[in-house]
Amino acid sequence: MEKNLLNVFLPHPAINKLKEGLSKERILHILGSKGSSIQLLMASLQKEINCKQLFIINDKEEAAYFFNDLENLLGKDKVLFYPASYNNPYQGDGETKNANIIQRAEVLSEISTRSNRLIVSYPEALSEKVITQKTLNNNSFTLHTDEAVSMDFIIELLFEYDFSREQFVVEPGQFAVRGGIIDLWSFSNDRPYRIEFFGDEVESIRSFDPADQLSINKYVQLMITPNVQEKLKETEQTSFIEFLGTDTIVWCKNVQFLLDKIDKYYSLASSKWEDIKDNTFQLPPDKKYCDSST
């Protein structure tokens with residue numbers, strides 16, 4: 001139904017005007033949109049220009065609705081949702097959510113290899129730094145079916161990526177070995193994968209359900225990615241927008257609202273950093289400073 005609606009809307013003159021505007025101007029303003037018309041317009045535009053587009057929506061809930069509309073129009077494999085890794089950044093309950101960390105890693109992996117995805121996000125998610133494209137490439141390994149590679153090499157690689165070897169794979173960062181089969185759950189995928197070997201050759205790659213161990217889909221390749229959130233502590237960092245690259249079209253629903261939120265989170269982050277410095281470098285009152293050079 002939604003895709004039929006998209007086909008009907010494609011010949012609309014607004015699509016050509018938008019394409020022309022993007023080829024001539026660096027900044028465009030879209031006014032007068034109602035309901036989900038902007039999603040319909042953006043989905044139609046994607047059919048024509050076929051590039052990366054980032055949509056920065058005011059908050060997480062609104063972004064989720066926006067994402068759902070685009071996904072219904074274009075399909076699940078064309079639209080990505082990029083969440084914050086924390087429940088409430090810089091607040092008392094600012095704990096990371098494993099599901100969100102996995103989803104963020106999946107988005108980074110997807111856009112590093114695909115040039116035609118739509119990404120929906122919100123200010124809190126974009127305020128967090130990410131690893132650089134170079135670091136991600138250096139810490140990822142793509143496996144293909146019919147590729148000549150030994151099981152021992154993959155097992156060694158998984159240990160290098162800090163995966164833990166278990167009897168059964170139940171969460172990201174784990175792998176299991178049985179005969180000529182390796183089960184693993186990469187941080188760039190929302191399901192575990194089963195790799196079957198025939199000697200030193202990859203015979204098949206399948207996703208499976210960890211609950212009943214039944215296969216879901218067959219694939220020709222698999223990207224193995226470690227916990228990129230942990231890599232942030234030891235590698236160079238960059239912004240998500242810089243990670244996307246200069247060939248990405250960025251849309252903001254409300255620019256001033258976005259700028260105000262960025263200022264707010266920057267102030268909170270600065271305040272937290274000052275607290276961390278004070279707690280780290282301030283000696284207890286009953287301790288004396290010692291110069292190690294004496």
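Asn189 lies in the loop between S8 and S9, where strands (E, at least two residues) and helices (H or I, at least four) are DSSP runs numbered from the N terminus. This is a predicted model, in which local features need pLDDT of at least 70 and side-chain atom pairs count only at pLDDT 80 or more, while totals for chains, interfaces and linings use all residues. Residues are numbered from 1 along each chain as its sequence is written, and side-chain values use heavy atoms, with hydrogens and water left out.

Asn189 counts as buried because its relative accessibility is 13%; buried means under 20% relative accessible area, exposed over 50%, and partly exposed in between (1.4 Å probe, protein chains only). Apart from neighbours within four places in sequence, Asn189 is in contact with Ile102, Leu222 and Met223, contact being heavy atoms within 4.5 Å.

Strand S7 (residues 174-178) and strand S8 (residues 181-184) run antiparallel and are joined by four bridges; two strands pair if DSSP finds at least two bridges between them. Phe175 is placed opposite Leu184 in S8. Two residues separate S7 from S8 in a hairpin, and Gly179 in the turn has a positive phi of about 60 degrees.

S8 also pairs with strand S9 (residues 193-197) in the antiparallel sense, again over four bridges. Here Ile182 has Ile195 in S9 as its bridge partner.

## Leu143 in strand S5

Leu143 belongs to strand S5 (residues 141-144). With a relative accessibility of 0%, Leu143 counts as buried. Leaving aside neighbours within four places in sequence, the contacts of Leu143 are Val149, Ile154, Ile195, Val202, Ile205, Val220, Gln221 and Leu222. Of these, Ile154 is eleven residues from Leu143 in sequence, with 9.3 Å between their C-alpha atoms.

## Cysteines

The structure contains zero disulfides, a disulfide being a pair of cysteine sulfur atoms within 2.5 Å. Cys51 is buried, at a relative accessible area of 15%, whereas Cys252 is partly exposed, at 31%.

## A nonpolar patch

Val255, Leu259 and Ile262 make a nonpolar surface patch of about 250 Å². Patches are made of residues with over 30% relative accessible area and no salt bridge, like charges being joined within 9 Å and nonpolar side chains (Val, Leu, Ile, Met, Phe, Trp, Tyr) within 5 Å. A salt bridge is a side-chain nitrogen of Lys or Arg within 4 Å of a carboxyl oxygen of Asp or Glu. Accessible areas come from the Shrake-Rupley method with a 1.4 Å probe; for residues, only the protein chains shown count as cover.

Val255 is located in helix H11 (residues 255-281). Its relative accessibility is 48%, so Val255 counts as partly exposed.
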